[in-house]
Amino acid sequence: KASDSVLAGFGDTASSTKKPNTTPKRNDNTSKQPKYESAVACVQVMKSGHGMFDASYRNVCSYNINVLFCTLSAKGTGFFDCKRGNYAGDTIAPGKTGGAMGTGVPEADDPFQVLFVACRDPGLPIVSGFQGTRLAFSCQ
């Protein structure tokens, strides 16, 4: 569950938007596009903090996932700022870890939260909106 990924600095941050079920028109190639699933439940937060490699997460599923994340802070420091629409992404193998680090993490005097979304590979998370502390997304 996404709520299992809550830890200081991280939050239950994802909501997936599903496209309406429509019947494709004749010669409409969109019906051939594969459907990809959310993998937010695969993300387990390991630790959260301001230092190098101190905001990390693990893929607890048995397949690769594609994670997209950004940070939310009062001052808006750090390169991967959600409010500015700056995101970072990573593909994480089963049992492996990834994380926000370096210039992507806000300054030490700027408490932050990492917002993340994830899709089962080869699906890629596409953010369609940001509101408060939630990212709306779909897997494409």
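Start by selecting Phe80, which is in the loop between strand S4 (65-73) and strand S5 (88-92); strands are DSSP runs of E with at least two residues, numbered from the N terminus. The model is predicted, so local features need pLDDT of at least 70 and side-chain atom pairs count only at pLDDT 80 or more, while totals for chains, interfaces and linings use all residues. Residues are numbered from 1 along each chain as its sequence is written, and side-chain values use heavy atoms, with hydrogens and water left out.

Phe80 has a relative accessible area of 18% and is buried (under 20%; exposed is over 50%, partly exposed in between, with a 1.4 Å probe and protein chains only).

Next, the rings. The whole structure holds 3 aromatic pairs (rings of Phe, Tyr and Trp, the last by its six-membered ring, with centres within 6.5 Å; planes under 30 degrees apart are stacked, over 60 edge-to-face, the rest tilted). Select Phe69 with Phe80: this pair is edge-to-face, 6.0 Å centre to centre, with 75 degrees between the planes. Phe69 lies in strand S4 and Phe80 in the loop between S4 and S5, so the pair ties together parts 11 residues apart in sequence. Phe69 is buried, at 4% relative accessibility.

Now select Phe79. Phe79 and Phe80 also pair edge-to-face, at 5.2 Å between centres and 80 degrees between planes. Phe79 is partly exposed, at 48% relative accessibility.

How values were computed: Helices (H or I, at least four residues) and strands (E, at least two) are DSSP runs, numbered from the N terminus.
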